[in-house]
Amino acid sequence: MIFKNASFLICFLFAVLIVSCKVNTSEIVTNKKTLHKEIQKPNIVFIYTDDLGYGDIGAYGATALATPAIDALANEGILFKNAYATAATCTPSRYSLMTGDYAWRKKGTGVADGDESLLIDTARTTLPKILQTAGYKTGVVGKWHLGLGDGSGPDWNGKISPGPLEIGFDYSYLIPATGDRVPCVFVENHHIVNLDPNDPISVSYQEKIGDWPTGKENPELLTLKPSHGHNNTIVNGVSRIGYMTGGKAALWNDETIPLELLDKSKRFIASSKNQPFFLFLSTHDIHVPRIANTMFQNKSGMGPRGDVILQLDWTVNEIVKTLKEQNLYDNTVIIFSSDNGPVLDDGYQDRAQELLGDHQPTGGLRGGKYSAFEGGSKIPLIIRWPDGKNKGMVSKALVSQVDFLRSFAQLTGVESVNADVIDSQNRLNVFLGDDTVGRSSIVQESIRGPLSYLEGEWKYIEPFDGPKLVPWGTKIETGFQKEPQLYHLKNDPNETENLASKFPERVKDFKEKLAHLKVNL
């Protein structure tokens, strides 16, 4: 199901009708309208969630949590069992998705501070720019974490630019970084929402500013205590990373964040229904601090982390309902995926580990968020096509989120993509389910930068001298070793046996291929 350039085809058939002189003008107009309707470009809704593991939803084998809306997408679409984010943390994964390039090619694309400058060059090709070229109205709602503002950072009390609008989005409603980082405000297009000019915001990631209490100094004020770090300015009873003061009228309510994001998404869909649109809904639910809306608190039996997964599923259902109510469902591609693997204790005492029971967030994979092992970047990916293309299919094709840029270009009739897009490949046939093999290789990035190279059934992790466990108490294995690692993923999906010493020639080959990719600029 490839939607070709409509304009040329319409003009061609229109000319043929005129030359034939066998129909009258009214018939020509009717035929033109009918043809336009038939080949209308599909809307695209990309639901990009945060820290959701390969085993966190029913469609991927979870039994302790019910995710009927997400599972329904899988039943109506294609479920990919061999899909990867480009990194085991959020900022680089998002950078790759937006730019079509591995984030490690650009310095400073690790996990961003809350006052980071925009990480994406406004002059370069991006996914939303591609879709704008194809005639799409583009919107982003939710977690951003790709920086805002120029080299000196965002002007929180003025026009916050450059940002999403300068890299191809027509509309944006953002959590600037993450829920555990200040400032705890929404940014709509270029300005903070509900900011009182008489109460300006100040933000610092270097030292305490103002007189607002902190988790370190005033733990008695906390409703959710940190397990490590996360002890700076307190907002809504939760201490965050970084310091802020001012902007009280603009502060978000953690419990209503999902409702706010959903409302803005619904409004964008309703206002865009008369033209093709791209909605990038970047949910925050599973990222810390995990504070579910009252509708979902204590409903999962697994504490706040389980509750917010139920909340995420509800959000997916509400988006599907909206598309149906607006008569858009039958012409909308829905993509559901995650930015990296799961983590339990990521900074707050929410008992995620203690209440886990038999649930396996990684689906049994080794590692998790931050890790070089498979649990770090192997993620759920579900694509539901509007014509029922390969409905109910399970694909084992090797696929990376970096490929959405060139694949969406093909889908929407953009014939040429600039050469500044290095890594993205046109894998539309994989996303459609027609190609069941996919990529020959991918590269994965873990915390602190070491890379892995995956080709076919094999995975190579380059040597790196670092801690065995993520240092801040998550108990997740980093995958760091001083010696090279080689795993045969088909026979050993949990990466338990390092075969590097048994296959030195393969290690040498993969090391050289990875080195070649690093210099291929």
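Strand 13 and strand 14 pair in the antiparallel sense, over four bridges. Within this pairing, Ile-334 stands opposite Arg-384 of strand 14. The model is predicted.

- Strand 2 (residues 78-80) runs parallel to strand 15 and is joined to it by three bridges.
- Phe-80 has Ser-395 as its bridge partner in strand 15.

**Strand 13**

- Strand 1 pairs with strand 13 in the parallel sense, over seven bridges.
- In strand 13, Phe-336 is the residue opposite Ile-47.
- Strand 13 is mostly covered, with seven of its seven residues buried.
- Thr-332, Ile-334, Phe-336 and Ser-338 point one way from the strand, while Val-333, Ile-335 and Ser-337 point the other way; all are buried.

**Helices**

- The axes of helix 3 (residues 68-76) and helix 7 (residues 303-325) come within 7 Å of each other and cross at roughly 55°, which makes helix 3 oblique to helix 7.
- On the helix 3 side the contact is made by Pro-68, Ala-69, Ile-70 and Leu-73, and on the helix 7 side by Leu-312, Asp-313, Val-316, Asn-317 and Val-320.
- By class, this contact has seven nonpolar residues, one polar and one charged.

**Salt bridges**

- Side chains of opposite charge can pair when their charged atoms come close.
- The count of salt bridges comes to 27.
- One of them joins the side chains of Asp-263 and Arg-267, at 2.9 Å from N to O.
- Asp-263 and Arg-267 are four residues apart in helix 6 (residues 257-272), which means that about one helical turn separates them.
- Asp-263 counts as partly exposed, at 29% relative accessibility, whereas Arg-267 is exposed, with a relative accessible area of 54%.
- In another salt bridge, the closest N and O atoms of Arg-290 and Asp-350 are 2.9 Å apart.
- This pair links distant parts of the chain, 60 residues apart: Arg-290 is in the loop between strand 12 and helix 7, and Asp-350 is in the loop between strand 13 and helix 8 (374-377).
- Arg-290 is buried, with a relative accessible area of 4%, and Asp-350 counts as buried at 6% relative accessibility.
- Asp-403 and Arg-439 form a salt bridge in which the closest N and O atoms are 2.6 Å apart.
- Asp-403 lies in the loop between strand 16 (399-400) and helix 9, and Arg-439 in the loop between helix 10 (428-431) and strand 17 (441-445), so the pair ties together parts 36 residues apart in sequence.
- Asp-403 and Arg-439 are both buried.
- A network of salt bridges links Asp-50, Arg-94, Lys-143 and Asp-339.

How values were computed:
Residues are numbered from 1 along each chain as its sequence is written. This is a predicted model: local features need pLDDT of at least 70, side-chain atom pairs count only at pLDDT 80 or more; totals for chains, interfaces and linings use all residues. Side-chain values use heavy atoms; hydrogens and water are left out. Axes are lines fitted to C-alpha atoms, for helices over the stretch in contact, and angles run from 0 to 180 degrees between N-to-C directions. Helices (H or I, at least four residues) and strands (E, at least two) are DSSP runs, numbered from the N terminus. Angles under 35 degrees count as roughly parallel, over 145 as roughly antiparallel, 65 to 115 as roughly perpendicular and the rest as oblique. Contact means heavy atoms within 4.5 Å. Ala, Val, Leu, Ile, Met, Phe, Trp, Tyr, Cys and Pro count as nonpolar, Asp, Glu, Lys and Arg as charged, and the others, Gly among them, as polar. Two strands pair if DSSP finds at least two bridges between them. Buried means under 20% relative accessible area, exposed over 50%, partly exposed in between (1.4 Å probe, protein chains only). A salt bridge is a side-chain nitrogen of Lys or Arg within 4 Å of a carboxyl oxygen of Asp or Glu.
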